[in-house]
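Dear colleague,

I am handing over the structure that I mentioned, together with my notes on what was found in it. Please read the notes with the coordinates open beside them.

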Amino acid sequence: MNDANEPKWAAGLAKPPAWRNDGEETLFESPWLRLTRHPATAPTGAAADYVVMRPKNVGTGVLPIHEDGTVVLVGQQRFALANYSWEMPEGGAPLGEDPFDGVRRELAEEAGLKAEHWRPALTMELSNSITDEIAMTWLAWGLSPAPTAPDPTEVIAVARVPFVDLLAEIGRGTVRDAMTVATAYKAYHMAVTGELPEALARALLGRL
């Protein structure tokens, strides 16, 4: 990690040795991910047997914001947790694709929207003890209709809700998707710290 990617408080702090990768074996591979096993050496010098899930896409997501402070969310069934999830439009950009191209595609495919204005929100490491998956999210506004094209496995519901209601439902635990939760809180932070256009920030914060 270079200094530009470190928090300010880490400057000058000594770090232990990095993990050492002593080999690699592919245990499983699909069009979406690769599972690898590694003999490794821990920062303590201890030997370890490490397994990593390596997605073949960068996770992308966007919180679409209307001028009245409402945001667009999509609802769909999720297989892994066998639950119905409300989240912002999300998807994956293949590792060779610009993630921004991928997220614009997802906004159209899932929500039927395109946006005139975009602002980067977050770059995140998801479950970084077991996977090298990276997620990138944006805020978007200046919305207008675009053709939808959901994946053949998806049945998507679209809802337009006040941003303050999204925050409330995150607080109640009914919206749990990690990218959506993190991006909503970042949108709140950007609104209160002047990182968004003033009129958009006022609309977002509405009843807070």
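To begin with one place in the chain, in which loop does Gly96 lie? Gly96 lies in the loop between β8 (90–94) and α1 (99–111), where helices (H or I, at least four residues) and strands (E, at least two) are DSSP runs numbered from the N terminus. At 85% relative accessibility Gly96 counts as exposed, the classes being buried under 20% relative accessible area, exposed over 50% and partly exposed in between, with a 1.4 Å probe and protein chains only. Gly96 and Val58 are 38 residues apart in sequence, and their C-alpha atoms are 9.5 Å apart in space.

Before the rest, a word on conventions. This is a predicted model, in which local features need pLDDT of at least 70 and side-chain atom pairs count only at pLDDT 80 or more, whereas totals for chains, interfaces and linings use all residues. Residues are numbered from 1 along each chain as its sequence is written, and side-chain values use heavy atoms, with hydrogens and water left out.

Overall picture

The protein chain has four helices and 11 strands, and its C-alpha atoms fill a box of roughly 55 × 45 × 35 Å along the principal axes. Of its 208 residues, 38% count as buried. The chain exposes about 12100 Å², of which carbon and sulfur atoms supply 57%; these areas come from the Shrake-Rupley method with a 1.4 Å probe, and for residues only the protein chains shown count as cover. Among contacts (heavy atoms within 4.5 Å) between residues at least 6 apart in sequence, 58% join residues at least 24 apart.

The nonpolar cores

A nonpolar core is here a set of buried Ala, Val, Leu, Ile, Met, Phe, Trp, Tyr and Cys residues joined through side-chain atoms within 4.5 Å. The largest one has 27 residues, of which Leu63, Val71, Leu139, Phe163, Leu166 and Leu196 touch the most other members. Two or more residues each come from β6 (70–78), β9 (113–125), β10 (134–145), α2 (163–172), α3 (178–192) and α4 (198–205), and α3 gives the most, with six residues. Apart from this core lies another, of 11 residues, among them Val62, Val103, Leu113 and Leu143.

After α4 comes Gly206, with a positive phi near 25 degrees.

Charges and salt bridges

The chain carries 18 positive and 28 negative charges, whose mean positions are 3 Å apart. Lys and Arg count as positive and Asp and Glu as negative, while His and the chain ends are not counted; each charge is placed at NZ of Lys, CZ of Arg, CG of Asp or CD of Glu.

A search of the whole structure finds 12 salt bridges, each being a side-chain nitrogen of Lys or Arg within 4 Å of a carboxyl oxygen of Asp or Glu. One of them joins Asp22 to Arg20, with the closest N and O atoms 2.7 Å apart, and Asp22 is partly exposed at 36% relative accessibility. Another is formed by the side chains of Glu24 and Arg34, at 2.7 Å from N to O; Glu24 sits in the loop between β1 (20–21) and β2 (25–29) and Arg34 in strand β3 (residues 33–41), 10 residues apart. Glu24 is partly exposed at 46%, and Arg34 is partly exposed at 22%. Arg37 forms a salt bridge with Asp49, with 2.6 Å between the closest N and O atoms, and this pair links β3 to strand β4 (residues 47–55) across 12 residues. Arg37 is partly exposed, with a relative accessible area of 37%, as is Asp49, at 48%.

Backbone points to check

Most residues other than glycine have a negative phi. Ala82, in the loop between β6 and β7 (83–87), has a positive phi near 50 degrees and is exposed at 69% relative accessibility. Ser127, in the loop between β9 and β10, likewise has a positive phi, of about 50 degrees.

With best wishes
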